[in-house]
Structures are given as structure tokens and as C-alpha cells.
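Q: Please take a close look at how one part of this structure is held against the rest of the chain. Begin with the strand pairing, and then work through the side-chain contacts step by step.

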Amino acid sequence: MSEEFDLDIDELERRMSGALGSLRKEFAALRTGRASASMLDTITVDAYGTSTPINQVGTINVPESRLLTINVWDKSLVAKVERAIMESGLGINPQTNGAMIMLPVPELNEERRRELSKVAGQYAEGARVAVRNVRRDGMDQLKKAKSNGLGEDDVKFWEAEVQELTDKVIASVDATLEVKQSEIMQV
């Protein structure tokens, strides 16, 4: 058995990278005081009987650092898009002008910046937990292989590989969090 065993380290890396990718998506939707089209990625509109992302019912532009505009293609959806934005919890009040919806992004106060920084920290901790769960899965595979006859040296080698991968991804999560928190706290 020891000759045949090969831990699928690529699969573990793919799953850990998925957690990091998910974190980056969550961070993109987190408001920083600057307008960004990705702020609207999580908002959906009930269009034509189905839940549809805003970017599929109109064109999103960022003409200024504190302004987003949405040019809704179907005028009958303007009120639904406006309602979805108000109910999203972004703290942005849309202003409608025909089929154009303008979203002035207010500047964040110090208290709100601290809250958002904490939220970013919670997102990062969720990603760390996901990475550690993947690590645990890899270690469980090694325990099974060891009970099936995998040699002690091979087990130590693979444990070191899994731990090295885990440390690398956790460091990426921490670096991503640091960048996002500095972005949030920037006035």
C-alpha cells in the first residue's frame, strides 16, 4: 500500500484556494467609502419571475470615486432595482432619473469604519476555519493510509506538505485581510 499511496495535494490546494477566493468575493462587496461596481455583486432583483443579479438588468458605471450609476435596460425594473438596493443593507440611498439610478456613496465615519474592519476580520476568520477544515480532511486521509500500512516516514512527509500548504494559504488570508482593513480605515 505504501508504494501506491499518493495524497491528492492538488485537490487540497484547490479547496483551500476556494476558501481564499470566497473571502475575496466577500471583501469586494464590503463597502470602503469608495464607489466600486463589486459592491452590488451580492444584490439580486426579482426580474421576470426570477432572482437576477443587478449587473444582468443594467449597466453599472463608476463615473466618480463616490458615485455609482446603474442604467437599467428595462424601465419597468427601475423601481425593483431601487428597492433591492435600499433593502440590501449597503446604507446607500438611490436617486432615480428615468432609467438611470445614481448611488452616491457617503463617506464612512470612524465608528462605521471600525465596524466594517471587524466584519472583515470575521470574514477572514471564516476563511481560516475553512482552510483548517481542509487541512483536517487531509490529515484524516493520512491517518487512514497509516492504518492501511503507509510507512511512518511517508506519513511525516505528507503531514509536512499539508501543513506547509495550510500555512501558505493562511498567510494569504492574513495578507488579504490586512489590505482590506487598511483600505477600510483609509480616510
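A: **Strands, then helices**

Q95 has M102 as its bridge partner in β6. The model is predicted, and this pairing is read from it like everything below. The pair belongs to the antiparallel pairing of β5 with strand β6 (residues 100-104), which extends over 3 bridges.

β5 and β6 are part of an open sheet of 4 strands, in the order β3-β4-β6-β5, with antiparallel pairing. At the edges are β3 (58-64) and β5 (95-97), each of which pairs on one side only. From one strand to the next, the twist averages 25°. Strands of a sheet pair through backbone hydrogen bonds, in either the parallel or the antiparallel sense.

A hairpin is formed by strands β1 and β2. Strand β1 (residues 44-47) and strand β2 (residues 50-53) run antiparallel and are joined by 4 bridges. One of the paired residues is D46, whose bridge partner in β2 is S51. Between the two strands of this hairpin there are 2 residues, and Y48 takes a positive phi near 60°.

The part to examine closely is the packing of α1 on α4. Two packed helices are described by the angle between their axes and by the distance between those axes. For α1 and α4, the axes come within 10 Å and cross at roughly 10°. An angle under 35 degrees counts as roughly parallel, so α1 is roughly parallel to α4.

On the α1 side, the residues that meet α4 are I9, L12, E13, M16, L20, L23, R24 and F27. Their counterparts in α4 are E161, V162, L165, T166, K168, V169, S172, V173, T176, L177 and K180. Sorted by class, this contact has 11 nonpolar, 3 polar and 5 charged residues.

Two of the residues in the contact, E13 and K168, also form a salt bridge, with the closest N and O atoms 3.4 Å apart. This pair links distant parts of the chain, since E13 is in helix α1 (residues 9-29) and K168 is in helix α4, 155 residues apart. E13 is partly exposed at 30%, and K168 is partly exposed at 47%.

K180 is another residue of the α1 and α4 contact, and it is found in helix α4 (residues 152-185). With a relative accessibility of 8%, K180 counts as buried, because the limit is under 20%. Leaving aside neighbours within four places in sequence, K180 is in contact with F27, L30, T32 and A120. F27 is also listed among the α1 residues that meet α4.

K180 has a salt-bridge partner as well: its side chain meets that of E183 at 3.3 Å, N to O. K180 and E183 both lie in helix α4, 3 residues apart, which is about one turn of the helix. Elsewhere, salt bridges that share partners join E125, R128, R132 and D174 into one network.

R128 is buried, with a relative accessible area of 15%, while E125 counts as partly exposed at 33%.

Finally, the segment before α1 contains D8. D8 counts as partly exposed, at 43% relative accessibility. The C-alpha atoms of D8 and Q141 are separated by 9.7 Å, although these residues are 133 residues apart along the chain.

Technical notes. Residues numbered from 1 in each chain as written. Predicted model: local features only at pLDDT ≥ 70, side-chain atom pairs only at ≥ 80, totals over all residues. Heavy atoms only, no water. Pairing = 2+ DSSP bridges. Buried < 20%, exposed > 50% of the residue type's maximum accessible area, 1.4 Å probe, protein only. Contact = heavy atoms within 4.5 Å. Salt bridge = Lys/Arg side-chain N within 4 Å of Asp/Glu carboxyl O. Axes fitted to C-alpha atoms, helices over the stretch in contact; angles between N-to-C directions. Parallel < 35°, antiparallel > 145°, perpendicular 65-115°, else oblique. Nonpolar A, V, L, I, M, F, W, Y, C, P; charged D, E, K, R; others polar.
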